[in-house]
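This briefing concerns the aromatic contacts and nonpolar packing of the structure shown below. Please read it alongside the coordinates.

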Amino acid sequence: MRLKLVPENTSIPFVAYRKAAFAFSLMIVLASIALVFTKGLNFGIDFKGGTMIEIETPEAADISAIRTQLNGLGLGDVQVQTFGAPNDVLIRIQSQGGEPGSDQQVVELVKQELGESVQYRRVEVVGPKVSGELVNSGVTAVVLAVALMLVYVWFRFEWQFSIGAVLALVHDVITTIGIFSLLQIEFSLPIIAAILTIVGYSMNDTVVVYDRVRENLRKYKRMDLGELIDKAINETLTRTTMTALTTLLALFALYIFGGEVIRGFTFAMIWGVIIGTYSSIFVAAPVLLILGVKRDWSETASSPEPGKKGA
């Protein structure tokens, strides 16, 4: 007997809830933008500059003791976490300002404090100029990805579909950034990678629904458009639910057992899967009802037979 999370032949009136869904989406998007401008993002060393030191201790590292030692140096924000094995430690220290050599002095202070008992595997210093370039590159990557998705959907379907898909993508990206601002989770380069992955996941979900909408437009030329969109969403609901739940199972396992290093990335992915599934159903699909779509996708629609009108 197969496990069925969603019954077959569901008839949930998703489109009937579109006004409430649009109001909710608008609220969380505006709240996310307000949070970014008022509370800001907790940028990691990748974006604000600083020093990253990876060390190996002889035995399992006492993270609390190392953190206490380094906090006593008065270097500002110091983050200490295990990195892989119990004796692998990653130390992040905020930038000490624009004075030449200041970050290198931080490295020497840390080495003096921790002594010769630890092995220094990697030392990286990210300056303000490099971090600024990384911010610009990250923003460019996200904007370019969304723009290319718009072109892809436009060519595959019609312009109404591309507008709906891009609205859903922008919705997902803004709310993901907003949740990071709200919770003040460190925002670093891996989070940019997570956002780009969310864009791809959300687009995949949206295209599955759009494919069924287009198929139904061919089959049911006189069906009410709202009813047709509901039918398409319900017909793909099992696939959408199973894909989201199996992905979430893997992501929650990574979030719980994967360690601190990838926790921000996996959190972004968990939020992205949830909000991406929501936007595919309640944002991308109902937008078609507002914009209207071509009702006949048959190959002969553009050249009807003599004496007959196009469907």
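In this predicted model, Arg263 lies over the face of Tyr255, at 5.4 Å from the ring centre. Tyr255 also belongs to an aromatic cluster, together with Phe43, Phe180, Phe187 and Phe267.

**Charges over rings**
- A further case is Lys111, which sits over the face of Tyr120 at 5.4 Å from the ring centre.

**Aromatic pairs**
- The count of aromatic pairs is eight.
- Phe161 and Tyr210 form an edge-to-face pair, because their ring centres are 4.8 Å apart and their planes stand at 85°.
- This pair links distant parts of the chain, with Phe161 in helix H6 and Tyr210 in helix H7, 49 residues apart.
- Phe161 is buried at a relative accessible area of 0%, and Tyr210 is likewise buried at 0%.
- The rings of Tyr255 and Phe267 are tilted, with centres 6.5 Å apart and planes at 45°.
- Tyr255 in helix H9 and Phe267 in helix H10 tie together parts twelve residues apart in sequence.
- Tyr255 is partly exposed at 29% relative accessible area, whereas Phe267 is buried at 18%.

**Nonpolar cores**
- The largest nonpolar core has 54 residues, of which Phe161, Phe180, Phe187, Tyr210 and Val213 touch the most other members.
- Elements giving two or more residues to this core include helix H1 (18-38), helix H5 (128-156) and helix H7 (189-219).
- Beyond its neighbours within four places in sequence, Tyr210 contacts residues including Val153, Phe157, Phe161 and Leu288.
- Another core, of 17 residues, lies apart from the largest one and includes Ile53, Val80, Val106 and Val107.

**Backbone**
- Gln184, not a glycine, has a positive phi of about 55°.
- Gln184 is placed in the loop between H6 and strand S6 (186-187), and is partly exposed at 30% relative accessible area.

Conventions. Residues numbered from 1 in each chain as written. Predicted model: local features only at pLDDT ≥ 70, side-chain atom pairs only at ≥ 80, totals over all residues. Heavy atoms only, no water. Core = buried A, V, L, I, M, F, W, Y, C linked by side-chain atoms within 4.5 Å. Buried < 20%, exposed > 50% of the residue type's maximum accessible area, 1.4 Å probe, protein only. Helix = DSSP H or I, 4+ residues; strand = E, 2+ residues; numbered from the N terminus. Contact = heavy atoms within 4.5 Å. Phe/Tyr/Trp six-rings, centres within 6.5 Å; stacked < 30°, edge-to-face > 60°. Lys NZ or Arg CZ within 6 Å of the ring centre and 35° of its normal.
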